[in-house]
Amino acid sequence: MLKTAKPEIAADVRLRSADTTEADNELAQLAKALGHPLRIQIVRLLAKRTTCVCGELVGELPVAQSTVSQHLKILKEAGLIQGTIDRPRVCYCLAPGALQRLKALVNSLPETCEGEGADLTTRRTCR
């Protein structure tokens, strides 16, 4: 039996403070997990699905099954995806709220320098 991926957004996941050392560590972990183009491609493929995916990912990616499994493991350890056992396979889907949390953490980064000389046209460059 395939389990349907939940489309819910965990509001508390987005609202947790994103301006702490813990949040910085969380963002670094998520960014590291997304640090390979194939893992980003896997997340995009899972985001397009309304149900969990069991074996179909291998057919959609230009790499061996063992390579896909290793990338899925990294994404799962980071909390971006979740896997459910559907003997004899594991089915994967996006973890509810994970991408929303990632977006909240990225959006917590400053867009510009604060303080004097924040205007990019007048700010000194590093030498």
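Author: Residues are numbered from 1 along each chain as its sequence is written, and side-chain values use heavy atoms, with hydrogens and water left out. In this predicted model, local features need pLDDT of at least 70 and side-chain atom pairs count only at pLDDT 80 or more, while totals for chains, interfaces and linings use all residues.

Reader: What is the mean pLDDT of the protein chain?

Author: The mean is 81, with 74% of residues at 70 or more; pLDDT is the predictor's confidence in each residue, from 0 to 100. Over residues 1–15 pLDDT stays under 50.

Reader: Why is the disulfide of Cys54 and Cys91 called right-handed?

Author: The torsion about its S-S bond is about 65°, so the disulfide is right-handed.

Reader: Why is Cys54 called buried?

Author: Buried means under 20% relative accessible area, exposed over 50%, and partly exposed in between (1.4 Å probe, protein chains only). Cys54 has 13% relative accessibility and therefore counts as buried.

Reader: How do you know whether Cys91 is buried or exposed?

Author: Cys91 has a relative accessible area of 1%, so Cys91 is buried.

Reader: What of Cys52 and Cys93: are they buried or exposed?

Author: Cys52, at 3% relative accessibility, counts as buried. Cys93 has a relative accessible area of 4% and is therefore buried.

Terms used
Contact = heavy atoms within 4.5 Å. Disulfide = S-S within 2.5 Å.
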